[in-house]
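Dear colleague,

Please find below the structure for your files. My findings follow directly after it.

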Amino acid sequence: MKNFLDDNFLLQTKTAERLYHEYAKNMPIIDYHNHLPPDQILNDINFNNISHAWLAGDHYKWRAMRANGINEAYCTGNKTDEEKFQKWAETVPFTLRNPLYHWTHLELQRYFGIHDVLNGDSAKNIYTETTEKLKTKEYSVQGLLGKMNVEAVCTTDDPLDTLEHHIAYDNSGVNMYPAFRPDKFILIENEGFVAYIEKLGEIVNSPIKDLDGLQKALRSRADFFKKNGCRISDHGLEQIYSADFTQEGADKVLKKALDGQNISDEEALEFKSAILHALGVMYSELGWVQQFHLGALRNNNKRGLRELGPDTGWDSMGDWPQASAISRFLNKLDDTNQLAKTVLYNLNPSDNAVIATMIGNFNDGSVAGKVQFGSGWWFLDQKDAMEEQMNVLSNMGLISKFVGMLTDSRSFLSFPRHEYFRRILCNLFGNDIENGELPNDIPWTGKVIQDICYNNTKEYFGF
């Protein structure tokens, strides 16, 4: 019997152990998609306590606490930080076989050197020890990133953002880059769409009255982002929008919305398809990588949304058809040689084979792995789903050209997820070698693993 979370955690064979410890473990981390606050990186803040660092904004933990019957006051409410931590600690023993159990203890070990199991009895001592450490310079946010050998992070930023924190940051130590997230200018049916358009017009000093004006304004902001280090865009959409459209038709829809008129679902889809295609063309011209996170059914609990707002734990997997829309979108861009490097993430595992086979249609030999099947995302960044994603990619594409893992997190303590991924990756290859399914060529396999962990990412994104 192995000990819990020992040096060979998740590594089932001697070959897997060797691949991880000799090749994967010490590779730097490029976290090319997360939701870290750039002002906290610039100001190199220290967290007040472990709850401030760990529980604030973490809807994974809130969902687990709610499922455990914990009152909302201990999740997002007005209880003290220590009281919230105590309730989280009491919940942890009930998260057995949930990735939160692994992540929680990996983070305690890797950042704080704490090997005790977190529960209601150990909570007070762990709260005290971690809080004392978090107040020191070694445990500032840049110190925390340094502990995990993080080389670069890409935050997720609205086109309206001033990027003042990125501009002021000198990229000493960990490099920080913005990423362009223009979804609010695509989702025309959303409340607040017109207000966002008006704000964009104010920023570019030109009121937006039509589709041409919107496209020019977004290009202006993208040029500003590129000037300040951006090389990635990102979209979080239910599905790709790729219906037939004309510029004239989409322009009429936008003008109706700006005039306060109701628009039909068909009209909304025409506009969204037009603007998303225009953005795709723009990304190609800028030399950016475009990312699409597809399939989240958001804000299911309307009472929870009303009381706490978005991103507070009320989202789940959706089940939209994806294949035809993705095919039309990528093909329209490829047909005019305007398809940028693209990463596709799916939230519903039933779409794994769809995505894995779709990327092969548009890998044209110009760039290795030009179109990528992104790593297991959100509800799928756990052991079973990451194994499945990598197995499907291996069977239907080239896992050797995979750009690997990201945190997609708001927490500076989430970076052991890269270690989690790397151990799972090494275990897959190690098992195949020991089963005789792959040759016992450790140097070559080790190189492939290092490429997936770091080298492919660095080359693909141009860091």
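Helices H10 and H11 are oblique to each other, the class left for angles that are not under 35 degrees (roughly parallel), over 145 (roughly antiparallel) or 65 to 115 (roughly perpendicular). H10 (residues 193-203) and H11 (residues 211-227) pack at an angle of about 60°, their axes lying 10 Å apart. The crossing of H10 and H11 is left-handed. Ile-197, Leu-200 and Ile-203 of H10 meet Leu-214, Ala-217, Leu-218 and Arg-221 of H11, where contact means heavy atoms within 4.5 Å. Of the residues in this contact, 6 are nonpolar, none is polar and 1 is charged.

This is a predicted model, in which local features need pLDDT of at least 70 and side-chain atom pairs count only at pLDDT 80 or more, while totals for chains, interfaces and linings use all residues. Residues are numbered from 1 along each chain as its sequence is written, and side-chain values use heavy atoms, without hydrogens and water.

The whole structure holds 22 aromatic pairs (ring centres within 6.5 Å; planes under 30 degrees apart are stacked, over 60 edge-to-face, the rest tilted). One of them joins Phe-224 and Phe-225 edge-to-face, at 6.3 Å centre to centre and 70° between the planes. Phe-224 is partly exposed, with a relative accessible area of 24%, whereas Phe-225 is buried at 0% (buried is under 20%, exposed over 50%, partly exposed in between, with a 1.4 Å probe and protein chains only). Tyr-460 and Phe-461 also pair edge-to-face, at 5.1 Å and 85°, and both residues are buried. Ring pairs link Tyr-460 and Phe-461 with Tyr-32, Tyr-177 and Phe-463 into a cluster.

Yours sincerely

Methods
Axes fitted to C-alpha atoms, helices over the stretch in contact; angles between N-to-C directions. Helix = DSSP H or I, 4+ residues; strand = E, 2+ residues; numbered from the N terminus. Left-handed = near helix turned anticlockwise from the far one by under 90°. Nonpolar A, V, L, I, M, F, W, Y, C, P; charged D, E, K, R; others polar. Phe/Tyr/Trp six-rings, centres within 6.5 Å; stacked < 30°, edge-to-face > 60°.
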